[in-house]
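Reader: Can you walk me through the charged side chains here? Keep it short, please.

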Amino acid sequence: MQPPKVWSKTNEPSSYDQIYKFLDIALKECLTYVNEIENEYYQETSAAVNIKPKVETARRPQSVNTLIAWAGPLNQLRNARLLSDIRNGKTARDLLTEARTGNFGDSISDETINLLKNILDKTNDQLHSKMPLLANKIAECMNLMEQYFLSFYDIENIQEVVQKRRNDRPPDHYVETAYTYEKSRWTHIFQVNKSMKILSEMQQRSEDTRGIVMSTLSKECQELAVRCDCTSLSYIFTLPECYIEARRAVQALRTWLNEDSKYTSFIQTSLKVLDEKFVEEKKNFEFAKAHLSHVEHRADSFQMQLNKAEKENEANAEKLEELEERLDAKERDYLSKRLTSEVYDDQLKKMLQAAEESDAVDNRLSIERFQQEIKQFARELPKLKAQMETIKGRIAFFKQRREELAAMRTEHKRLSQEAQVALEEKILRENEFNRVVSCRDILRNIYRCRSTNDLPQKIFYSLPIRSRRSGESENDDLSKAIRLTAKSIGPIWTRLYWQLPFYPARGQEEISKDIEYIDDKYHRGDVHHAQAADALNKWRRFHTRAVLDDLIGALRKVRRPDIVQNIERRILKPKVSINDIHEDVDPRKKEIEDLNRKLNHLFDKIKTGAITTHDTYSYSTIGIAPIRPMNDRRTSKTTRSTS
């Protein structure tokens, strides 16, 4: 495999390897530059005055040895002026002025004065010339990384989540790789922006009245100050704080670079795991769906049998009631006839005994009648018993069917519960399967974008602008001006596109390709309007620092002041008028400003000793004048009244 060609940034990169190599070299150059200016600050400042620490060891860093050497003379100078701290450049310049006028006498050596002067000069030189170059280099690297190093995974309210202003909602563990990288990506962006803000504000902080406060510096600077006995010399840590923040920003970018270089392989690994999980969950889902279908079929079939049994039971219930009534009547009849038969049998036995003693005709007739009755009962009772047994058999059958119906109801309830469990299992498997499918689609899209053979910038510029920059919308001033320009520019949109600035720089060949592509894209309707709108939107995507002034400057170069005037009249002038109205609403603003100016004038006079703080002054239209005591006024009034 051939190594990637060197990328010059004037053309588009053909692979991520070119970007990685370019940024790796750029970040190494940034670190080298930080080390060079740090060595320059410590070595050249000390070498000019030949101040060295009493005990210098190779184990301690150069910064520690140098600051220990500076601590003694600078603390002696601070104590001579009875200062609690040297915080800003003004204090340092005042000390140098007093040293030139001879206020310190022989207590402070010339080397100490020269040391402070060298620190002041070196601090101002690096803050005004070298720190802006370093900040621009780091910002350029971050812009490129923010442009090309995309996770292609959106997290809702990610900026507030990173800043811990909103609770973090944990992601699906299948896409945790993409979530972690996107969150880490924004964390690096905020860290670099924070360091860049400190670098940009350090120049102003070093000259403010409050100056450099030790408690506001980084933990590293505070520990260094305690170690070197420089806790009351905050100003000399202006540049060390810049070095620390610059290294912190470069380290964050380098960590981001390493994470992005591994991101695609991690996504590929996660995608393989998800593919295996997809096969497994699909099999489980199909099994759960088949099991549910089988259980539902059994439940439906059993439901039909149960419905048939329920109808049969309704009919059998009436028959059972009728049979029980018939059985009751038969049992009573049977019992009555059996008892009667037994009574007749006893009576017949008695009558037979009596007939042996007396041979009466009446007894013989009674005996014959009883015998006939007993024979009749003997014929009827077995029939009644057989009928009763038949009815009992029918009743037992109906009761058995009723018990079978109860068992069927229990079985149906069990089948219904089994079907419900199968349904819940199927829903769970379906949800898990859909979750795996959704996560796999997300990771497939990420891997497709990250491993595509297409140019990386085409992926980036196909995304919405709002996904790249926070705060942009379709109603900002630049969007309105682009729409206004596209309507009026006409066929000279190609000249306008040539005059527009690009950052990072864009080669002429790439600009020509853009124009040819847009020119061939539109053939119907308002062609020039559509072409101009497409070209301006493309410029806005390619120009990472696009502002309204860039568009206005290009319009002036192509000699279209009418569009510039239209933009100023319809977009810029309304803002100015709103600000004017806001200023007119505050009628006391001028009075407050006059009062502040007079107060500052008063404090300056008190500071210089022109007036003392024991006198009280009043303000008038001609300046400040002392207030006369109240007793003097009363005395003068009394004198006038007496006269």
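**Charged pairs and a patch**

Author: Start with Lys 28 and Asp 24, whose side chains meet in a salt bridge (3.4 Å, N to O). A salt bridge here is a side-chain nitrogen of Lys or Arg within 4 Å of a carboxyl oxygen of Asp or Glu. This is a predicted model: local features need pLDDT of at least 70, side-chain atom pairs count only at pLDDT 80 or more, and totals for chains, interfaces and linings use all residues. Residues are numbered from 1 along each chain as its sequence is written, and side-chain values use heavy atoms, with hydrogens and water left out.

Reader: Why can side chains pair up like that?

Author: Side chains of opposite charge can pair when their charged atoms come close.

Reader: Where do Lys 28 and Asp 24 lie?

Author: Both sit in helix H1 (residues 16-49), four residues apart, about one turn of the helix. Helices are DSSP runs (H or I, at least four residues), numbered from the N terminus.

Reader: Why does Lys 28 count as partly exposed?

Author: Because its relative accessibility is 48%. Buried means under 20% relative accessible area, exposed over 50%, and partly exposed in between (1.4 Å probe, protein chains only). Asp 24 is also partly exposed, because its value is 22%.

Reader: How many salt bridges are there?

Author: The structure holds 36. One of them joins the side chains of Glu 281 and Arg 429 (3.9 Å, N to O). That pair links distant parts of the chain: Glu 281 is in helix H8, Arg 429 is in helix H9 (residues 361-450), and they are 148 residues apart.

Reader: Is Glu 281 buried or exposed?

Author: Buried, because its relative accessible area is 3%. Arg 429 has 28%, so it is partly exposed.

Reader: What does Arg 435 pair with?

Author: Glu 432, with the closest N and O atoms 2.8 Å apart. Both lie in helix H9, three residues apart, about one turn of the helix.

Reader: New topic. Which residues form the negative surface patch?

Author: Glu 314, Glu 318, Glu 321, Glu 322, Glu 324 and Glu 325. Patch residues have over 30% relative accessible area and no salt bridge, and like charges are joined within 9 Å. Asp and Glu count as negative.

Reader: Where does Glu 321 lie?

Author: In helix H8 (residues 238-357). Glu 321 counts as partly exposed because its relative accessibility is 49%.

Conventions
Patch = residues over 30% accessible without salt bridge, like charges linked within 9 Å, V, L, I, M, F, W, Y side chains within 5 Å. Areas by Shrake-Rupley, 256 points an atom, 1.4 Å probe, with all protein chains shown as cover. Charge placed at Lys NZ, Arg CZ, Asp CG, Glu CD. Helix = DSSP H or I, 4+ residues; strand = E, 2+ residues; numbered from the N terminus.
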